Amino acid sequence: MICCSGYNLMRDPRYNKGLAFTEKERETHYLRGLLPPSIVSQELQERKIMNNIRQYQVPLQRYMAMMDLQERNERLFYKLLIDNVEELLPIVYTPTVGEACQKYGSIFSRPQGLYISLKEKGKILEVLKNWPERSIQVIVVTDGERILGLGDLGCQFEDFANHNAFELLTRYGTTHLVFNDDIQGTASVVLAGLIAAQKLLGGTLSEHTYLFLGAGEAGTGIAELIALEISRQTKAPIEECRKKVWLVDSKGLIVNSRKESLQHFKKPWAHEHETVGNLVDAVKAIKPTVLIGTSGKGQTFTQDVIEAISSFNERPIILALSNPTSQSECTAEQAYTWSKGRAVFATGSPFDPVEYDGKIHVPGQANNAYIFPGFGLGVVMSGAIRVHDDMLLAASEALAEQVSEENFEKGLIYPPFSNIRKISAHIAAKVAAKAYELGLASRRPQPKDLVKYAESCMYSPVYRNYR
């Protein structure tokens, strides 16, 4: 059942179908004369709009065209995105969204959420009541303080500043159903890549030594999930497993002698070692097999750093995770060239394949979009009352399972985004299964086939027929 007709129906993006309204729908809903007489299928609409979007040479223009479509025709927007996900995800997400954030004041056209400022102090309930929807399953909340590696950009963006992110997750994680994508989602997708890398290289996670550049919410979140997975695999105490992981921040290697001055979330990673002031010396001292960048600063994996880690590893694992592209710790070309084509490499932003010594190397993208849609679906469809760390581990393992032998042959440790709906269904099923196993699921009985149930719960962008 729809809530409006005629002129208003065409201007509601949830119901508008443009020229796809049938003759009967035009008659029933008072649309005669409000549209050209031509009737066009959703498939033809999709082809036309994709052709138009491809005419733009500037990524931000493509982003604006997509946002304009979302404000006009929601189902067509999502159909385009689903059917062309590998082409359009870099436009509506990393890296183009970084530029959109920086220029948001210039391209703003229509609000897409609620704004709660200090002016609303004491009136927050009134503000919440102004939202028109009543059946709400997920709320995305941000204070706009930390956008990618770009700093505080005001409003309508993502990410909490470190001090708020950890405090809020600690305060509410055990009492409410909350999930921080920058801490937990990033950790889950990176762990998935590391699990998949073991299938590519052989061995186990516990056999590696991990060195991070960056000790903020993303870095420490990933580090903790790695330690948890090693603890689960080896049955060793988490404190022992943390000793496999080393972090470098702006002051150098995090070691015991610095413990008193460290922020609380860095303290578990302060190990016994002499002071080391920079990354390349830390690489030489620690001799990691895995190098992970979450610094938010571009070009910090220098030639010296990558040559150093490659000198004592046949296949070093290098993950340059900072976004957007300008903030990536190194480019794909640099990683493959400086490692002489031996690096197992993935990034936070997309990079083109690189040819080195006659071989094509395809960098993977450790993109949170692999995890949070499926994770969120698993939580919702099971009615989970809390997010447990084991659910994050389940999501990582489910994603790693989707990497095929064909992907491994290209050096990939993530599956192609073109399969994201299938990938998300499997992640949702594993997350939901873990919620039921842990006694955290409130929706009973448990469906027999969780993958099929997840697929049935997924949003369909196909136009509905209006009576």
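Visitor: How many helices and strands are there in the protein chain?
Guide: This is a predicted model, in which local features need pLDDT of at least 70 and side-chain atom pairs count only at pLDDT 80 or more, while totals for chains, interfaces and linings use all residues. Residues are numbered from 1 along each chain as its sequence is written, and side-chain values use heavy atoms, with hydrogens and water left out. Helices (H or I, at least four residues) and strands (E, at least two) are DSSP runs, numbered from the N terminus. Counted this way, the protein chain has 21 helices and 9 strands.

Visitor: What radius of gyration does the protein chain have?
Guide: The C-alpha trace spans about 80 × 55 × 50 Å along its principal axes. The radius of gyration is taken over C-alpha atoms, and the globule rule is 2.2 Å times the number of residues to the power 0.38. For 467 residues a compact globule would come near 23 Å, and the protein chain agrees with this, having 24 Å.

Visitor: What percentage of the residues of the protein chain count as buried?
Guide: Buried means under 20% relative accessible area, exposed over 50%, and partly exposed in between (1.4 Å probe, protein chains only). Of the 467 residues, the buried part is 51%.

Visitor: What share of the contacts with a separation of 6 or more comes from residues 24 or more positions apart?
Guide: Contact means heavy atoms within 4.5 Å. Among contacts in the protein chain with a separation of 6 or more, residues 24 or more positions apart account for 66%.

Visitor: At which residues does UniProt place the feature "domain: Malic enzyme NAD-binding"?
Guide: UniProt positions are given in the numbering used here, feature names are shortened, and annotations may be inferred rather than shown by experiment. The unreviewed UniProt entry places the feature at residues 183–436.

Visitor: Which residue's side chain makes a polar contact with the side chain of Asn 323?
Guide: UniProt (unreviewed entry) lists Asn 323 for "binding site", along with Arg 146 and Asn 367. Asn 323 lies in the loop between strand 5 (317–320) and helix 16 (332–338), and it is buried, with a relative accessible area of 17%. A polar contact is a pair of N or O atoms within 3.5 Å; within protein, one must be able to donate a hydrogen and the other to accept it, and residues adjacent in sequence count only if both atoms are side-chain atoms. At 2.7 Å, the partner of the Asn 323 side chain is the side chain of Ser 349.

Visitor: Which residue has its backbone oxygen 2.7 Å from the side chain of His 271?
Guide: His 271 is in the loop between strand 3 (252–253) and helix 14 (279–286), and its relative accessible area of 7% makes it buried. A polar atom of its side chain lies 3.0 Å from the backbone oxygen of Arg 242. At 2.7 Å, the side chain of His 271 reaches the backbone oxygen of Val 245.

Visitor: Which residue's side chain joins that of Arg 242 in a polar contact of 3.0 Å?
Guide: Arg 242 belongs to helix 13 (residues 238–242) and is buried, at 16% relative accessible area. Beyond its neighbours within four places in sequence, it is in contact with residues including Pro 268, Trp 269 and His 271. The side-chain polar contact of 3.0 Å is with Glu 224.

Visitor: Which helices do the buried residues of helix 17 pack against?
Guide: Helix 17 (residues 372–382) has buried residues, among them Phe 375, Leu 377 and Met 381. Gly 383 follows helix 17, with a positive phi near 65 degrees. The buried residues of helix 17 pack against helix 18 (389–401), helix 20 (420–437) and helix 21 (450–457).

Visitor: How do the rings of Phe 77 and Tyr 78 count, and why?
Guide: Rings of Phe, Tyr and Trp (its six-membered ring) pair if their centres lie within 6.5 Å; planes under 30 degrees apart count as stacked, over 60 as edge-to-face and the rest as tilted. By this rule there are 12 aromatic pairs. The ring centres of Phe 77 and Tyr 78 are 4.9 Å apart and their planes are at 80 degrees, so the pair is edge-to-face.

Visitor: Is Tyr 78 buried or partly exposed?
Guide: Phe 77, its ring partner, is buried, with a relative accessible area of 4%. Tyr 78 has a relative accessible area of 29%, so it is partly exposed.
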